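Student: Could we go through this one together, starting with a pocket and then turning to how helices pack?

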Amino acid sequence: MSAPASAVAAVTGQALNDALEHARRLKMPYLRRAMEEVIPTAKAQRWDPAEVVRALLAEEVKGRDASNLRTRRKRASFPTGKTFHVWDENASSIPIPTQSNLRTFEWVRRRENLCICGPSGTGKSHFCEALGQEAVDAGLNVAWFTIEDLGALVRKHRVDDTVAKAFDRITRADLIIVDDIGLLPVSEDAAEGFYRLVDTAYERRSLAVSSNLHPSGFDEIMPKTLATATVDRLLHHAHVAVTSGDSHRLSEALSGKGVVSLS
């Protein structure tokens, strides 16, 4: 004689509760959340047990991947959120084949550097940030700094003599971006911070640097000896892209595209 339907339901309900508790203890929140929907569906449609396991684990993987992506993007500290969705590759003076090759991130996997230099408004920061955003999407860890951020880091950690440890932590990222070098004279702390970053990352991690000056001219904004040592390491394994042309921002302003019309 078969068991009453109510008894079967009670056993199933207890099993589900136990499974939910196990998932909680194993810290599998996405699998746990999916159980209450997947298990009844699997019963109703008579899924193979392996398919049930596959579906639940797939939900956990999907959830963790999305969570890791959000975490990596937050840690990167991008300034504006610019991506390649609003980038016109044809308007950039960087050759399109070069843009495409940089977006494969093979140079990052080879621990090479990227230096983008040229006049203000020619897309250097936009390209670097969009590249960083795409690197995060590709599963890489990215960190974004201005050169003065590096100076602040030196001042903060000089107090307890942990500067070297601070830069070691930075270079845990796969790609470190330093934006907008050359607009203003560099403070002594910032120059030291930039050198420490380049030296620590040398042949271990990839740097992407945007600058109004070609790196060979960094001795105009920082002490010559420090600039020479920094550039020597920075350019040894580096791709250099030079931008040119008029400022995109100024062109948009003059054509009335910089703001939404008030009329």
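Student: How do the residues lining the second largest pocket divide by class?

Tutor: In this predicted model, the lining of the second largest pocket has 7 nonpolar residues, 1 polar and 4 charged (Ala, Val, Leu, Ile, Met, Phe, Trp, Tyr, Cys and Pro are nonpolar, Asp, Glu, Lys and Arg charged, the others, including Gly, polar). A pocket is an open set of points on a 1 Å grid where a 1.4 Å probe fits, with protein on both sides within 12 Å along at least five of seven lines, and lining residues have an atom within 4 Å of a point.

Student: Which residues line the second largest pocket?

Tutor: Arg72, Arg75, Arg169 and Arg172 are among them, together with Asn141 and with Val142, Ala143, Phe145, Leu153, Ala166, Ile170 and Ala173. The elements giving two or more residues to that lining are α3 (49-76), β2 (142-146) and α8 (163-170), helices being DSSP runs of H or I with at least four residues and strands runs of E with at least two.

Student: Switching topic, at what angle do α7 and α9 pack?

Tutor: Helix α7 (residues 147-158) packs against helix α9 (residues 188-201) at about 95 degrees, and their axes lie 7 Å apart.

Student: And which residues of α7 and α9 meet?

Tutor: From α7, Ile147, Glu148, Leu150, Gly151, Val154, Arg155 and Arg158 meet Asp189, Ala190, Glu192, Gly193, Phe194 and Leu197 of α9, where contact means heavy atoms within 4.5 Å. By class, the contact between α7 and α9 comprises 6 nonpolar, 2 polar and 5 charged residues.

How values were computed:
Residues are numbered from 1 along each chain as its sequence is written. This is a predicted model: local features need pLDDT of at least 70, side-chain atom pairs count only at pLDDT 80 or more; totals for chains, interfaces and linings use all residues. Side-chain values use heavy atoms; hydrogens and water are left out. Axes are lines fitted to C-alpha atoms, for helices over the stretch in contact, and angles run from 0 to 180 degrees between N-to-C directions.
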